Structures are given as C-alpha cells and as structure tokens.
Amino acid sequence: MSAQEHVHEHVVKAMLREAGVPVPRGVVLPPDTRDFGAAGELTEPLVLKAFGPQLVHKSEAGAVTLGLRATELPRAAARMRERVPHLAGFLVEEQAAAGVELIVGLVRDAAFGPVLLAGLGGVWTETLRDTALRLCPVSEPDARRMLASLRAAPLLAGSRGRPPVDLAALVKLLLAVGGPGGLWERLELGEFELNPVIATPDGVTAVDARYLPAAPPPPVTRGGTADFLPLFEPRAVAVVGASATRPTFGNMFLDFYRAAGVPLVAVHPKAEEVAGVPAVRSLSEAAETADVDYALVAVPAERCPEVVAQAAGVPFVQVMSGGFGEAGRAGLEDELVAAARAAGTRLLGPNCMGVYCPRGRQTFVGGGLGPPGSVALISQSGGLAGEVIKVGERRGLAFSRVVTVGNAADVTPAELLRWLARDEETRAVGLYLEDPRDGRELYEALRALDRPVVLLVGGRTGQGRAAAASHTGGLVSDRRLWEAVAEQAGAALVTSQDDLIGVLAYFQAHAARPADGDGVLVVGPSGGASVLAADAFDAAGVRLDPLPEDVAGELRGLGVAAFGNPLEAPVGPRGRPDLVPAVVAAILRVRAYRDVVAHVNVQAFFTYGDAPEALYAYAHALAAAQGTLPRTRFTLVTRNGECAPPGVEDEVRRVAAAAGIPVYRSMEAAAVAVAAGGDHGAA
Ligand code: ADP
Ligand code: MG
C-alpha cells in the first residue's frame, strides 16, 4: 500500500465537529480566490491558513496568519501564495481567545494499539515534554487523572489570579477522542494530533488538527485457551536431548526431575537408559508408552522442529534450546511453531527454561523443590525466574506456578495470565517481561485479573519512538506505555528484581487480609531513621497521614514523647518488647491505618546488648499484635540486619512469617511493597 497523505485540516475539523469536539467556525476557499465574501459570516479576529499535501508544519512554512480583519484577507492571502508554492486552498477561521494551549494526540503503538496522549501544547510541547499517556479507550477517571498528573495541572486549575479552565469540557474532549466509542475507533491510526487545543474558563477549542492515516495493521491471532494444568502438573515428563555418554543440559534437567520425583522417560536414539532413567527411541514412542503431558526438548535448534513434529499426544512441549528468533533466525522459529501446530501440541519457548511447580513436581532448578504456595510468576527470562524462585524461597515465598516463556512463539504471557486468573492455587502474580509479543492482549488479561499483580519490565528505554509527522509519536516511549498499562490495569510496576520479590512477599502475606482504614503508620526508633522513612515513603508515593490528636495523652502515658508519623518510639535491648504494639493499638482505636510499618535497628540489639532474645521478643510481640489486629497489615523492617550474628535474621523472619508479616531489610524496599499493596491489595 502506498504511503498515505495527511488529511486536510478542514476535513479533520469537520470530523471533529461531528464527534462533538469544538473547533473554530471557518470557511474553505480555493487557492486562486479573490473573493473572500464567504468569510463575512465569521466573527473577527480571523485566522488565515493555507493547506496542501506538503503543508505539515504550517507556521514554519508561513502558512498561518493570525489577527486579521475580513478586509485584510485578500492581501494576507496574496502574500501567503508567494511564500507557499503548492497550496491547495485556504481555510479562514475565527480566532479563539487566548488560553492554556494543550496537545491531544492518538497513535497506534505496535504492541499496545491505540494510545491517547494529552499534555502541554503549543510551543511548550517539545521543550517541556509534559504529557500523559493512556491506552484507549480511556475512562472519565483516566482522563481526569491524566490531566491531574501534568506538571502544568496548576495552569488548568487556575493560578496567580487566573480563573480555572473548563475542566469538564476538556475531559469531554479527551473522551470524544480516546474514550469509549471515540474517534480512535474510527480513525486509521497512523497519527492524529490536536495541537493546540485552547482551554479557557468558557470552554475548549481544537484550533489545529492533523491526521495521517496508515494502513490498518494485520489482524492479530489471539492466543488459544489451553488448559494449562498438565503443563504445571504433568503426569509424566519426557526429556529429549540427554546424553548417555557426556553431561548436557538435558542431563542436568533429567537430574532435577529425578530429584523432584515426577515419572520420567528419556528419549534417546540408542541407549536403553540415560542416567538411570528408562529410554525410548523417539518422542512419539514416549507419547504412546507413558502418560507424558510435558516434553522438554534440549537438542540443537536445527533439530528441534523434527522432534516437535513427533509430539502428537503430548499436550505441552518446551523447547529449551536457543538459536531461533532471538538469534535472527525467525524462519526456524516459524518452522518450529508450524511443527507444533501440525502435531497438535502447545509450544513453550523456544529459548526458555521451563516450568516450576512444587505441587506438580515440575522444576528447572537444582536444590530440590520448595514448599507449594500461592504466588505465581510468568517470566520471559529463564535465568531471572530461577533467581526469583531461589532468592524468593530463601525469603519465604512459596510458589503456586512459575512459567518461563522465552520467545513466546506460541504460548504467550497473556494466555497464561488468563489461565492463572482462574487458578485456585494462585493468589498473586508477578510478571517479568521484555517484549510481551501482544501487548494489547496482555493489557486486557491484566485488566481482567482480579488478584494483585506486580510487573517488572526489562529493556524499558526512556526514548521516544522515531517521530513521524507528529509530536505525539515522539512522546510515546516504552517506559511511559508500561506506566500507563500498570496504572490502568491496577498493577504495581517495579524497577528491580529485589522489588519484584519484595512486592510478592507483601502480596503473599497480606493479599487475603481484608484491611480496614487507609494510609500508613510508621513506627520505630531514632529521629533520623524516622525522617528518612518519611522520605522513602514519599518517594514510593505513599502518604503518611498525621496521627489523630486525641491520642497524644495516651502515648505520653506509655512513655512516647515524640508525636508524629513516622512515630519515634524506643525499641531496643532494654525496652518493653510490647511497647510498639501497645502504642499501635492505642492509635488504631482512634484511627484505622490500613498498614503499620514497624522498624527496628538490629545493630542496637547487639551493640547495647549481646543476646538475640530481646529482638526475638520484639518479633513475637509484633506477631501477637498482628494476631489481635487482623484487619491491619503489619510489615517489619529490620534495619542494619547485617550486624546480627548468623541465623538471627532468619529466626526473626520465621517468627514474622508465621504471623503473616513480611520482613524487609530496608525502608525503601518496604515502602515499595506497601505502595504496591495500596492500590492492589484485597478489597
Ligand atoms: P501549525 O501547523 O504550525 O501547528 P497551527 O494551526 O497550529 O499551525 O497554528 C499555529 C498557531 O497559531 C497555533 O499554535 C495557535 O497558537 C495559533 N492558532 C492557529 N489557529 C488558531 C485559531 N483558530 N484561533 C486561535 N489561535 C490559533
Ligand atoms: Mg499546530
């Protein structure tokens, strides 16, 4: 299809008027006209604009003249004809009153589909880049939040004696463009941009409109709806690619599976057994002789399609080998997918580690299976998933289902997420993604998910995509799109593996806990630590509401002199271990905080004391408080934990975990986790 051209401004404006977006009244005149009588209907001052196929940035080409009287039009047009060689016609329109100039745009992102952008427009667009993004369709609260998130929000709300702009009209405009049934549904995006929209106390007007249609994208094939239970809990597993003579990847996984205890069969062209596991000649033979629900294929990439072609009867095949799309061999990957389709099997990977599910004896990690639990993880990186499993279990996580998808050539994160949404074993989900393949599908699966979810995205560059003809295109970056996805889908977005684990630990502990109240109370020793705690929570976007006044007397009675949130309260080797619980209980009787974050300085227990008992006693007191205050979410921060002798932190963790309290080693980590729980915890 040939490259499409910009639609003339007046044509776009007619569409806008139809869609309920206010545009200036105007008339269109032929390029050689001498008769401007038609403009007599319009109210001065007037604006003269030229339009034509090459005219994209009109001001730069001298194709906009503002502030004209009707009698001045002929001369202004004559001058414009001299400056602008191939003009196709003139638009004469009324000049809108000055106000706040905004940009409103639409683009179709290759992964996420139609996206709405709104921000500060006019001459400020490029310099300040003060914009907000949302995936279409946007809701009215989305539209309001977009505007509120701008640095320029005070300009809209009225500042320095200026009255507020008509916010309701602005929200209506955003919805007409990007809301349900909005223009985004009818346009061929391409790019679409209103810059500026002029907002005043009396309303909004789109005074410029630009629309570059593009060929519609190819229809996406939506993922299937497999039952993934046999993937996670296979009756038997076949391993293709273990060697009878030398250790390979296949052998390593065979060992992991043997340790896990799942029924196993090896596929080997000659050997009767491989590392003590009975072998058959081919995958089809394995499928016939055992209840194989899952086959792991670890042979060189070129040989994978022929192995997968023999998988008829095996519902899931995992191709561990790399050397496909990620190595520039898209053709080989297509061949692999075709082989899987022909065999009627679903393909996991290629280029992935596999599945981990203690209750299904599924694994790809050494060191044995951890305890079965309620946390699921979908990861596009196998290595990272292995780390999250091992480090997470060390920190008390227990997994329901972990699945790595690698190149996601067939089974996608979105499809797995839809299945996990109905999985009774799973109460919270973590995702590590680099390129989800079909971002829109993933977004919809996230929105449909009714349990807490945390998202870590690798390779989120802050760079805008190559700008075509509009600012809008250049202002849309991967990072900002993921922020929009998280915001609109109610997912927590974190920036490190550590925070991914930390947030999952919070979800595991508290997702099922119905909580009263709102806001966070932070309590622990040291003025400096309290000040820094306030900063850490602020950075995580969590508000620390002031304490209720009427509890001051009672706190003084308990021996707490300072009064604030964070609340400075002595915790140490010589203090009462139940002082903090008593203080918290007194406060919660007056005002329900949803979260209580208790912190201790572990170092003090061993500098001013020499036995861990006082620290344990504090942990037990906090655990008891969680028991008596089940509708408040307790979190413990063990600052300076490295000062404790070996084993002490583990014991504190054990006591806390038994009471359903997550433990963090830094205030920052706790703040991120509590923030994630704020919007996404149990209802
Ligand atoms: P460009 O193609 O250069 O973006 P515009 O149509 O946006 O051309 O016009 C340039 C500037 O002129 C706008 O940013 C706006 O400030 C002003 N302008 C254009 N049309 C009008 C109008 N009808 N009323 C008020 N101001 C206008
Ligand atoms: Mg413009």
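This is a predicted model: local features need pLDDT of at least 70, side-chain atom pairs count only at pLDDT 80 or more; totals for chains, interfaces and linings use all residues.

Me: Which residues are the protein donors of the magnesium ion (ligand 2)?
Reply: The donor atoms lie 2.1 to 2.2 Å from the ion. One is an O atom and the other an OD atom. The residues that supply them are Asn-195 and Asp-208.

Me: How many residues apart are Asn-195 and Asp-208, and where does each lie?
Reply: Asn-195 belongs to strand E8, residues 189-200. Asp-208 is in the loop between strand E9 (203-206) and strand E10 (210-213). The pair thus links distant parts of the chain, and the separation is 13 residues.

Me: Is Asp-208 buried or exposed?
Reply: A residue counts as buried under 20% relative accessible area. Asp-208 has a relative accessible area of 9%, so the class asked for is buried.

Me: How far apart are the end C-alpha atoms of residues 231-324?
Reply: The unreviewed UniProt entry annotates this span as "domain: CoA-binding". In the model, the span is 28% helix and 27% strand. Its end C-alpha atoms are separated by 22 Å.

Me: Which are the edge strands of the open sheet of 7 strands?
Reply: The order of this sheet is E13-E14-E12-E11-E15-E16-E17, and its pairing is mixed. An edge strand here pairs on one side only. That applies to strand E13 (273-274) and strand E17 (346-348).

Me: What is the bridge partner of Gln-318 in E17?
Reply: Strand E16 (residues 316-319) runs parallel to E17, and 3 bridges join them. Within this pairing, Val-317 has Leu-347 as its partner in E17. For Gln-318, the partner is Leu-348.

Me: What is the bridge partner of Val-297 in E16?
Reply: E15 and E16 pair in the parallel sense over 4 bridges. Both faces of E16 are covered, with Phe-316 and Gln-318 buried on one side and Val-317 and Val-319 buried on the other. The partner of Val-297 is one of these residues, Val-319.

Me: At about what angle does helix H9 run to E11?
Reply: Helix H9 comprises residues 249-260. The helix lies across strand E11 (236-240), strand E12 (264-267), E13, strand E14 (277-280) and strand E15 (292-297). Its angle to E11 is about 165°.

Me: What is the bridge partner of Pro-372 in E20?
Reply: A further open sheet has 6 strands in the order E18-E20-E19-E21-E22-E23, with mixed pairing. Its edge strands are E18 (355-356) and E23 (492-494). Strand E19 (residues 372-379) runs parallel to strand E20 (residues 399-404), and 6 bridges join the two. In E20, Pro-372 is partnered by Phe-399.

Me: Which strands does helix H17 touch, and at about what angle to E23 does its direction lie?
Reply: Helix H13 (residues 382-394) lies across E18, E19, E20, strand E21 (428-433) and strand E22 (453-457), at about 160° to E20. Helix H17 (residues 478-489) also packs on the sheet. H17 touches E21, E22 and E23, and its direction makes with that of E23 an angle of about 150°.

Me: What distance separates the C-alpha atoms of Val-457 and Ala-312?
Reply: Val-457 lies in strand E22 and is buried at 7% relative accessibility. Leaving aside residues up to four places away in sequence, Val-457 touches Tyr-432, Leu-433, Trp-482, Leu-493 and Val-494. Ala-312 is 145 residues away along the chain, and the C-alpha separation is 35 Å.

Me: What is the relative accessible area of Thr-638?
Reply: Thr-638 lies in strand E27 (residues 633-639). Not counting residues up to four places away in sequence, Thr-638 touches Val-600, Val-602, Glu-649, Val-652, Val-663, Tyr-664 and Arg-665. Thr-638 is buried, and the value is 5%.

Terms used. Residues are numbered from 1 along each chain as its sequence is written. Chains are lettered from A and ligands numbered from 1 in the order in which they are written. Side-chain values use heavy atoms; hydrogens and water are left out. Donors are N, O and S atoms within 2.8 Å of the metal (3.2 Å for Na, K and Ca); water is not among the atoms, so sites may look incomplete. Buried means under 20% relative accessible area, exposed over 50%, partly exposed in between (1.4 Å probe, protein chains only). UniProt positions are given in the numbering used here, feature names are shortened, and annotations may be inferred rather than shown by experiment. Two strands pair if DSSP finds at least two bridges between them. Contact means heavy atoms within 4.5 Å. Axes are lines fitted to C-alpha atoms, for helices over the stretch in contact, and angles run from 0 to 180 degrees between N-to-C directions.
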